[in-house]
Amino acid sequence: MNQPKYKELEGKVVVITGGGGVLGSALALSIANQRTKVAILDLKEEAAQEVAKKINANGGTAIGVGANVLEKESLIKARNIVKEQWGGCDILINGAGGNHPKGTTTKTHFFEEDLNPPEDLTTFFTLDPKGIQFVFDLNFIGTLLPTQVFAEDMVGKEGTTVLNISSMNAFRPLTKIPAYSAAKAAVSNFTQWLAVHLAPVGVRVNAIAPGFFLTDQNRSLLTQKDGSLTPRGTTILEHTPMNRFGEPDDLVGTVLWLMGNGSKFVTGIVVPIDGGFSAYSGV
């Protein structure tokens, strides 16, 4: 294990939801290098335990716990496991989230001839409300519920932080994904609200807004099977001044800064990590 750069994090209990995924696992591995105690929560318990196994094999301290961010009882069980092992949570990273095809339109724009679409064409007017609800719940309720459960243990302790995962979609909604864009905008707004609400008890609340990272969920939208770019992937890189997709490690520095003493007077912000996408007008 590497020598920790953020020594104030040593011994802190960190809970990461969605920790079995591509981005969540990368964060968990890097955070563990700061000699923290990391609880990886994931709906897929095997995935969470696999990440914990890697951390422990590298000399770190971690446990993998199965938990559903949309079920409070499941989260309470996870909280009890963490408390029995190490005590209460010091830092919560709400990493669970994602999109769903039923919250997505087929086309980027609506035209008059789309008023009576074929079955394989989804327009705004034919979006499935259940799909919209699923996406909103996963991203927003899946951030709110873990915070209700785990942040209670932060009250009265020093160096406690909630870190949410917003998105570029919260700044400028992307075409075709109205549910995901709206849900992430809600996460950004909730981050600011909660930062104000919990400031008197010393709990800081911030968020990061990743740009475009290749994950299991979006790989097929951005790249072809041969690795070449899809038209959507090409458009995204044309609007990303750094001309590449993000890599999981690109998140680490900002996340550790928001967790540590270097940001102890920082709360209620959403930090873009996007290669300049949010700064570029397209002209």
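**α3 against α4.** I started with helix α3 (residues 72–86) and α4 in this predicted model. Their axes come within 9 Å and cross at roughly 40°; axes here are lines fitted to C-alpha atoms, for helices over the stretch in contact, and angles run from 0 to 180 degrees between N-to-C directions. That makes α3 oblique to α4, because angles under 35 degrees count as roughly parallel, over 145 as roughly antiparallel, 65 to 115 as roughly perpendicular and the rest as oblique. The helices are DSSP runs of H or I, at least four residues, and strands are runs of E, at least two, numbered from the N terminus.

I noted that α3 passes α4 in a right-handed crossing, meaning the near helix is turned clockwise from the far one by less than a right angle. Which residues of α3 meet α4? I found K72, L75, I76, A78, R79 and V82, facing L145, P146, Q148, V149 and F150 in α4; contact means heavy atoms within 4.5 Å. By class, I got eight nonpolar, one polar and two charged residues in this contact. Ala, Val, Leu, Ile, Met, Phe, Trp, Tyr, Cys and Pro count as nonpolar, Asp, Glu, Lys and Arg as charged, and the others, Gly among them, as polar.

**How I read the model.** Residues are numbered from 1 along each chain as its sequence is written. Local features need pLDDT of at least 70, side-chain atom pairs count only at pLDDT 80 or more, totals for chains, interfaces and linings use all residues, and side-chain values use heavy atoms, with hydrogens and water left out.

**α4 against α6.** Next I looked at α4 (residues 129–150) and α6 (residues 178–198), whose axes come within 8 Å and cross at roughly 20°. That makes α4 roughly parallel to α6. This crossing is right-handed too. Among the residues in contact are F136 and F140 of α4 and Y180 and F190 of α6. By class, the contact has 13 nonpolar, three polar and one charged residues.

**The sheet.** I then traced seven strands in an open sheet, ordered β3-β2-β1-β4-β5-β6-β7, with parallel pairing; two strands pair if DSSP finds at least two bridges between them. Which strands sit at the edges? They are β3 (61–66) and β7 (270–273), each pairing on one side only. Neighbouring strands are turned by 20° against each other on average, direction ignored.

I picked out β4 (residues 91–94) and β5 (residues 160–165), which pair over four bridges. The bridge partner of I93 in β5 is L163. I also saw α4 packing on the sheet, touching β1, β2, β4 and β5.
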